[in-house]
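Here is a walk through one protein model, in questions and answers, for someone meeting it for the first time. Please keep the structure open while reading.

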Amino acid sequence: MDSFYMDKMSYGEFFGKVMRWMAVALGITTLTSFAFSFIHLEYILGGFYFMFLIACTVVELGLVFLLSKNVKEMAVEKAKTYFVAYSVVNGIVLSMWLNYVVPGVAVLAFAITAVYFGLLYTVTKYTNYSFMGVGKMCLTALPVLMIAFVLLMFIHAPGLYYLVVILDLAVFTGLTLYDFKNIEYAYNEAPSEALNGITLMCALQLYMDFVNILIDILMLVNDNN
């Protein structure tokens with residue numbers, strides 16, 4: 001039992017690595033999204049632009065599934081490569097949103113998201129509540145919200161638009177609270193040799209929470225155009 005903990009990195013070091021990887025992924029996504037928003041792929045690809053975005057989304061989902069299922073057994077360097085690739089592809093998809101907003105609005109949405117994210121971390125840091133029930137409830141609601149977003153692409157309903165976006169923001173708020181709290185649980189349960197992989201998994205979860213909250217806030221501050 002002693003050998004299990006002897007070489008294990010401290011929780012502070014573990015949490016620091018999680019946040020650094022999240023920051024790196026957000027940096028890559030931000031640079032990629034701004035770069036592709038200036039390229040204006042919608043003009044270059046023309047009618048193929050929508051198909052290109054669908055392909056990128058499929059690749060995104062594939063990379064998330066691959067990392068989620070295999071990150072514990074996967075070589076760390078390989079997992080890092082997939083994580084970086086996911087950040088780039090996500091940046092390409094996010095550039096679609098930036099085509100419809102002015103840069104100032106995007107910066108404002110990012111700043112609000114960063115402050116809000118920090119507030120959620122503070123809540124989890126100073127409470128002993130596990131948020132497990134909240135996390136399960138939010139995961140259950142996600143498929144319904146995905147269907148609602150698809151419907152919003154084909155109908156113009158401002159009231160429904162704001163309702164869906166606010167509900168989505170509430171769901172990812174709950175997931176963020178759970179994921180922040182789950183970092184400590186993951187650290188305590190994992191053996192030392194698995195911590196590097198767990199670090200990437202925790203960073204991926206927080207990264208996805210941040211991006212989804214950013215999109216929700218971007219949709220709210222940019223109206224429903």
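Q: Is serine 95 buried or exposed, and what is its relative accessible area?
A: In this predicted model, serine 95 has its place in helix H5. Beyond residues up to four places away in sequence, serine 95 touches Ser33, Phe36 and Ser37. Since buried means under 20% relative accessible area, serine 95 counts as buried, with a value of 3%.

Q: How far does H5 reach from its first C-alpha to its last?
A: H5 covers residues 76–98, and it has 23 residues. At 1.5 Å a residue, the expected reach is 33 Å, and the model comes close to this, with H5 reaching 32 Å.

Q: Which residues of H5 are buried?
A: Serine 95, discussed above, has its place in H5 and is one of the buried residues there. The complete list for H5 is Ala79, Phe83, Tyr86, Ser87, Val89, Asn90, Gly91, Ile92, Val93, Leu94, Ser95 and Leu98.

Q: How are H5 and H9 oriented to each other, roughly parallel or roughly antiparallel?
A: The axes of H5 and helix H9, the latter formed by residues 195–221, come within 11 Å and cross at roughly 5°. Angles under 35 degrees count as roughly parallel. The two helices H5 and H9 are therefore roughly parallel.

Q: Which residues of H9 meet H5?
A: From the side of H5, the residues taking part are Val76, Ala79, Lys80, Phe83, Tyr86, Ser87, Asn90, Leu94 and Trp97. From the side of H9, the residues that meet them are Asn196, Leu200, Ala203, Leu204, Tyr207, Met208, Val211, Leu214, Ile215, Leu218 and Met219.

Q: How many residues of the contact of H5 with H9 are nonpolar?
A: The contact of H5 with H9 includes Lys80 and Asn90 from H5 and Leu200 from H9. Its residues divide into 3 that are polar, 1 that is charged and, for the nonpolar group, 16.

Q: Which residue has a side chain joined to that of threonine 29 by a polar contact?
A: Threonine 29 has its place in helix H2, residues 11–39, and it counts as buried because its relative accessibility is 2%. Leaving out residues up to four places away in sequence, threonine 29 touches Ser87, Asn90, Gly91, Leu94 and Tyr207. The polar contact, at 2.4 Å, joins its side chain to that of tyrosine 207.

Q: Which helices do the buried residues of H2 pack against?
A: H2 has 29 residues and reaches 42 Å from its first C-alpha to its last, close to the 42 Å expected at 1.5 Å a residue. Its buried residues include Phe14, Met22, Leu26, Thr29 and Ser33. These buried residues of H2 pack against H5, H6, H8 and H9.

Q: What phi does histidine 40 take?
A: Most residues other than glycine have a negative phi. Histidine 40, which comes just after H2, takes a positive phi of about 60°.

Q: Where does phenylalanine 131 lie?
A: Phenylalanine 131 has a phi near 60°, a positive value in a residue other than glycine. With a relative accessible area of 9%, phenylalanine 131 is buried. Its place is in the loop between helix H6 (103–125) and helix H7 (132–152).

Q: Which helices do the buried residues of H6 pack against?
A: H6 has 23 residues and reaches 33 Å from its first C-alpha to its last. In H6, Val105, Ala106, Ala109, Thr113, Phe117, Leu120 and Thr124 are buried. The helices that these buried residues of H6 pack against are H2, H5, H8 and H9.

Q: How far apart in space are alanine 111 and leucine 214, C-alpha to C-alpha?
A: Alanine 111 is found in H6 and counts as partly exposed, at 39% relative accessibility. Alanine 111 and leucine 214 are 103 residues apart in sequence, while their separation in space, C-alpha to C-alpha, is 9.2 Å.

Q: What separates the C-alpha atoms of alanine 55 and valine 93?
A: Alanine 55 has its place in helix H4, residues 49–70, and counts as partly exposed at 39% relative accessibility. Valine 93 is 38 residues away from alanine 55 along the chain, and the separation of their C-alpha atoms is 9.9 Å.

Conventions. Residues are numbered from 1 along each chain as its sequence is written. This is a predicted model: local features need pLDDT of at least 70, side-chain atom pairs count only at pLDDT 80 or more; totals for chains, interfaces and linings use all residues. Side-chain values use heavy atoms; hydrogens and water are left out. Axes are lines fitted to C-alpha atoms, for helices over the stretch in contact, and angles run from 0 to 180 degrees between N-to-C directions. Helices (H or I, at least four residues) and strands (E, at least two) are DSSP runs, numbered from the N terminus. Angles under 35 degrees count as roughly parallel, over 145 as roughly antiparallel, 65 to 115 as roughly perpendicular and the rest as oblique. Contact means heavy atoms within 4.5 Å. Ala, Val, Leu, Ile, Met, Phe, Trp, Tyr, Cys and Pro count as nonpolar, Asp, Glu, Lys and Arg as charged, and the others, Gly among them, as polar. The expected span of a helix is 1.5 Å times one less than its number of residues. Buried means under 20% relative accessible area, exposed over 50%, partly exposed in between (1.4 Å probe, protein chains only). A polar contact is a pair of N or O atoms within 3.5 Å; within protein, one must be able to donate a hydrogen and the other to accept it, and residues adjacent in sequence count only if both atoms are side-chain atoms.
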